[in-house]
Amino acid sequence: VSPEGKTRRRAAIGLVNPDEPFDGWDSLTTQLRRAGVAVLLVEARGSGRSKDTDIPSPEAWRGHEALVEQLIAGDLSLAVAALARETPIDTTRVLLMSGLAGVMPAIELAARDARVKALLLVSPQPHAVDRGRAIARLEERRLPVFIANASTDVSLYSMGVPDLLLHASDEPNSRIADSRHMGPGVMLFRNDSAAFPRFQRWLDETWARPSPKS
């Protein structure tokens, strides 16, 4: 979704996870477009329109999750290139967005692609075996991260994860925002009218700062 007009200086890539509805992204992408951000959504392999013969469904991930995460990270990288090719915007500074259990491929790409300058993680719930790897990969670049939590993120495990991810990021320039409204995932931005203004203020501040060294 590209913003109207000739000035298109920002780019965002969103990873749609199998455990959240595609149309749940409608509010967030619409508000980003109004804020002058071009958005491209990518459905995780095995879901939506991203099925293939090797990974026909999310159940096909079992036993080789790490490989699929690498493939999805590659898909996100291709999405950045496609956005640069199809829209007149600067994709040297990309916002990467993901949530729930699908944050690991986004974190993986952020660690290895210098074009990613900021992360939006909504209700991040990496699998328990991936938590240490997620922290380690975030520590490699120390990017600014905005973490949005919904009222439904109530398990002891999920409540502790955002703090750990925050500490592994560019902590002084990162934020955690808690909402009393429900998700799942990015549907938080549909259900909570205050969620996007908080995020936009942070994003504007992040883009205004000099680009971090990669």
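Predicted model: local features only at pLDDT ≥ 70, side-chain atom pairs only at ≥ 80, totals over all residues.
Accessible areas in this talk come from the Shrake-Rupley method with a 1.4 Å probe, and for residues only the protein chains shown count as cover. On that basis the protein exposes about 9,900 Å², of which carbon and sulfur atoms supply 53%.

Residues are numbered from 1 along each chain as its sequence is written, and side-chain values use heavy atoms, with hydrogens and water left out.

Let me begin with the overall layout. The secondary structure comes to 7 helices and 6 strands, where helices (H or I, at least four residues) and strands (E, at least two) are DSSP runs numbered from the N terminus. Read from the N terminus on, the elements run β-α-β-α-β-α-β-α-β-α-β-α-α. Of the 214 residues, 51% count as buried, and by buried I mean under 20% relative accessible area, with exposed being over 50% and partly exposed in between (1.4 Å probe, protein chains only). Contact, for its part, means heavy atoms within 4.5 Å, and among contacts between residues at least 6 apart in sequence, 76% join residues at least 24 apart.

Now to the interior. In soluble globular proteins, nonpolar side chains tend to be buried together. A nonpolar core here is a set of buried Ala, Val, Leu, Ile, Met, Phe, Trp, Tyr and Cys residues joined through side-chain atoms within 4.5 Å. The largest such core has 35 residues, and within this core I13, L76, L96, I107, L121, L138 and L165 touch the most other members. Helix α2, residues 65-86, gives the most to this core, with 7 residues. Apart from it lies another core, of 25 residues, which includes A12, L95, A118 and V122.

I107 leads us to helix α3, so which residues of α3 are buried? They are V103, M104, P105, A106, I107, E108, L109, A110 and A111; because 9 of the 10 residues of this helix, which spans 103-112, are buried, α3 is largely enclosed by the rest of the structure. Leaving aside neighbours within four places in sequence, I107 itself is in contact with L121, A134, R137 and L138.

Two packed helices are described by the angle between their axes and the distance between the axes. Axes here are lines fitted to C-alpha atoms, for helices over the stretch in contact, and angles run from 0 to 180 degrees between N-to-C directions. Angles under 35 degrees count as roughly parallel, over 145 as roughly antiparallel, 65 to 115 as roughly perpendicular and the rest as oblique. The axes of α3 and helix α4, residues 131-141, come within 8 Å and cross at roughly 30°, and α3 and α4 are therefore roughly parallel to each other. In this pair, M104, I107, E108, A110, A111 and R112 of α3 meet R133, A134, R137, L138, E140 and R141 of α4.

The second pair is α1 with α7, which pack at an angle of about 45°, with their axes 11 Å apart. That makes α1 oblique to α7. Here L28, Q31 and L32 from α1 meet F196, F199 and L203 from α7. Within α1, residues 26-34, the buried positions are S27, L28, T29, Q31 and L32, and their cover includes β2 (37-43), β3 (94-99), β4 (116-122), α6 (188-191) and α7 (195-208). After α1 comes G36, whose phi is positive, near 90°.

Helix α6 contains L188, which counts as buried at 1% relative accessibility. Neighbours within four places in sequence aside, L188 is in contact with V122, A148, N149, A150, S179, H181, M182, G183 and A195. L188 and S151, 37 residues apart in sequence, are 9.1 Å apart in space, C-alpha to C-alpha.

Finally, two backbone details deserve attention. L100, in the loop between β3 and α3, has a positive phi of about 55° although it is not a glycine, and it counts as buried at 8% relative accessibility. R142, in the loop between α4 and β5 (145-149), also has a positive phi without being glycine, near 50°, but R142 is partly exposed, with a relative accessible area of 37%.
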